[in-house]
Amino acid sequence: MSEFWVTAPHGPLPSRQKIRFFPVHEGKKFIVTGAAGGVGSALVALLVAEGATVAALDLREDALSATVAKYEGKVVGIGCDLGQQQSVETAFQQSTAQLGFIDGVVNNAALVRRGDAINASWDDWQSTMAVNVYGAFELARLAARSMAENGRRGAIVNVASEAGKKGHTQSITYGASKAALISMTRILAASFAPYDINVNCVCPGGIGTDMLRAAAANYARVSGGDVDDIFPRLVSSQLKRHITPDEVARTISFLLSDDALIIRGQAVNTDGGDTPY
Ligand SMILES: NC(=O)c1ccc[n+]([C@@H]2O[C@H](COP(=O)([O-])OP(=O)(O)OC[C@H]3O[C@@H](n4cnc5c(N)ncnc54)[C@H](O)[C@@H]3O)[C@@H](O)[C@H]2O)c1
């Protein structure tokens, strides 16, 4: 509890029903980055099923077309390079132009550069931090400014990683960028609370997506192993299987909802129990 507040940090809370008879995100508008990827496409599908309309952002704009066609009228696809400030700003403007007021943002896209502490280059640092941290911040900032100007509640969820807590020696820039995202989440939660904006992040473990397969391929390269042996072993020690994109999407969807208002600035582990803090 802070002793410095002189006014309530947010307006009256919404009334809640114990049993829900309507989709949780009915009428809401969200931006999801990395929407063409594993977690992103699962999240778009879930948010649409829960009544939302989604601006799906990705570097690979062409890879969004199937999702846009599948959810015609509920999803707009927007090309965006999160590593470029102007591209983020343009994508946010396009999102509001097409959807109207944005109720929430999910910073899900990420860049992974392989490189250990001996080999990681300056460019690895710049490109990884630009996409995973600066781009995420810029989108969060633009959305929060719009929410504050409109006097409307909002939510922001960042997708970090267990690598942001434990680190991976084979990809120092990725782990450090996710640690920065966790820290930024805490700061943004405190900064945006007066505007009624809730900010959290999730820290997934091994999700069975292209990104994890690429990590397995890298382990295979450095160890001389076989990617098809390594990929199935990158699993939660308790679940003994890959986490699915939909499972992570469900936690994100919850954190976007008013049911999560008392969870603030947290880094929620969605890793099947591997990270104890
Ligand atoms: N897969 C895992 O095991 C795992 C584990 C922990 C955390 N995560 C995190 O989950 C999130 C989703 O990962 P995923 O497994 O779905 O990966 P993915 O590779 O399937 O999807 C990532 C998406 O981000 C997009 N992207 C990359 N650079 C971009 C840029 N500059 N601008 C816009 N879009 C860009 C890619 O085009 C891709 O569609 C990421 O933040 C990732 O770090 C994944």
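Q: Which residues in helix 3 meet helix 4, and which do they meet there?
A: In this predicted model, Q85, V88, E89, F92 and T96 of helix 3 meet G135, E138, L139, L142 and S146 of helix 4; contact requires C-beta atoms, placed from the backbone, within 7 Å. Helices (H or I, at least four residues) are DSSP runs numbered from the N terminus. Residues are numbered from 1 along each chain as its sequence is written. Local features need pLDDT of at least 70 and side-chain atom pairs count only at pLDDT 80 or more, whereas totals for chains, interfaces and linings use all residues.

Q: What is the make-up of that contact?
A: The contact of helix 3 with helix 4 has 4 nonpolar residues, 4 polar and 2 charged (Ala, Val, Leu, Ile, Met, Phe, Trp, Tyr, Cys and Pro are nonpolar; Asp, Glu, Lys and Arg charged; the others, Gly among them, polar).

Q: At what angle do helix 1 and helix 9 cross?
A: Their axes cross at roughly 55° and come within 8 Å (lines fitted to C-alpha atoms over the stretch in contact, with angles from 0 to 180 degrees between N-to-C directions). Helix 1 is therefore oblique to helix 9 (under 35 degrees is roughly parallel, over 145 roughly antiparallel, 65 to 115 roughly perpendicular, the rest oblique).

Q: Changing topic, which residues come nearest to the ligand?
A: Of the 28 residues around the ligand, G34, G37, G38, A110 and T209 come nearest (C-beta atom, placed from the backbone, within 6 Å).

Q: Which elements give two or more residues to that shell?
A: Helix 1 (38–49) and helix 7 (210–223) do. The shell comprises 14 nonpolar, 10 polar and 4 charged residues.

Technical notes:
Contact = placed C-beta atoms within 7 Å.
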